[in-house]
Amino acid sequence: MIMVQITRLQGTARVINYAGLVRGATQRMVKLEITGSRSDELIKYLDDILSGLRYQDGHYDLVKLHDKEYQDKLQVQIDYWNKIKKEIEAVRSSGYENTDIVNMSETYFNLADDTVSAAENYSEKIATKIRTIELLSALDMLCLVILIIVQTIMAMKMARQNKLLEQRAYTDARTGLPNRSACKEILNNNEIISSPTACIIFDLNNLKFINCLLYTSDAADDR
């Protein structure tokens, strides 16, 4: 999204430049016509630029801005430009003293200035969108970092709990020695027991009986 908006912004900058160029070139064209110098090439040049601004065609790689305010002002400018071209014909046939070309050129200058301002406003809107997207992207990255930290902490807690459960599963709570399950794991592990081995289980001084009584007592307390 940022790249798309940047592309639009680049095209908008070119539009602003050429819209401003039309504003100044038209003033120059009127001065040439007033002094009796025909400016047909300049008129054609301005026609091409205005067509490119309006329809995205021509030889100047101009883009069409999809902004209603800009398009409306540009259309008003183009309509008035066509009136000025008709007035230029009157200047050539009757002299500029008998026409309103000077006042019309000033009006056209203001219209062109409004078009440039609308293009600049549209450019500012795009810049605001880019800043908003950048802010949202930064917030998204922050949320992602927080999520990773939270998940890491939860994974560490889970690992500690699993380790504790594993210790409880293979350790006798009274003596802290490996219990019967742990002994079975050891006896069944070929990497530890690689040669014939015998295991002897016996009761020492009725310790098993006392141990069972203690477990029974703890179970009764729990209930």
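Modeller: Axes are lines fitted to C-alpha atoms, for helices over the stretch in contact, and the angles run from 0 to 180 degrees between N-to-C directions. This is a predicted model, where local features need pLDDT of at least 70 and side-chain atom pairs count only at pLDDT 80 or more, while totals for chains, interfaces and linings use all residues. Residues are numbered from 1 along each chain as its sequence is written, and side-chain values use heavy atoms, with hydrogens and water left out.

Biologist: Why are α2 and α3 called roughly antiparallel?

Modeller: Their axes cross at roughly 165 degrees and come within 11 Å. The cut-off is over 145, so the pair is roughly antiparallel.

Biologist: What makes up the contact of α2 with α3, by class?

Modeller: Contact means heavy atoms within 4.5 Å. Residues including L50 of α2 and Q77 of α3 make this one. It has nine nonpolar, three polar and five charged residues. Ala, Val, Leu, Ile, Met, Phe, Trp, Tyr, Cys and Pro count as nonpolar, Asp, Glu, Lys and Arg as charged, and the others, Gly among them, as polar.

Biologist: How do you know how α3 lies against α4?

Modeller: α3 and α4 (residues 101-170) pack at about 160 degrees, with their axes 9 Å apart. That angle makes α3 roughly antiparallel to α4. Their contact divides into 15 nonpolar, five polar and five charged residues.

Biologist: What makes a polar contact with the side chain of Q77?

Modeller: The side chain of T115 does, at 2.7 Å. A polar contact is a pair of N or O atoms within 3.5 Å; within protein, one must be able to donate a hydrogen and the other to accept it, and residues adjacent in sequence count only if both atoms are side-chain atoms.

Notes: Helices (H or I, at least four residues) and strands (E, at least two) are DSSP runs, numbered from the N terminus. Angles under 35 degrees count as roughly parallel, over 145 as roughly antiparallel, 65 to 115 as roughly perpendicular and the rest as oblique.
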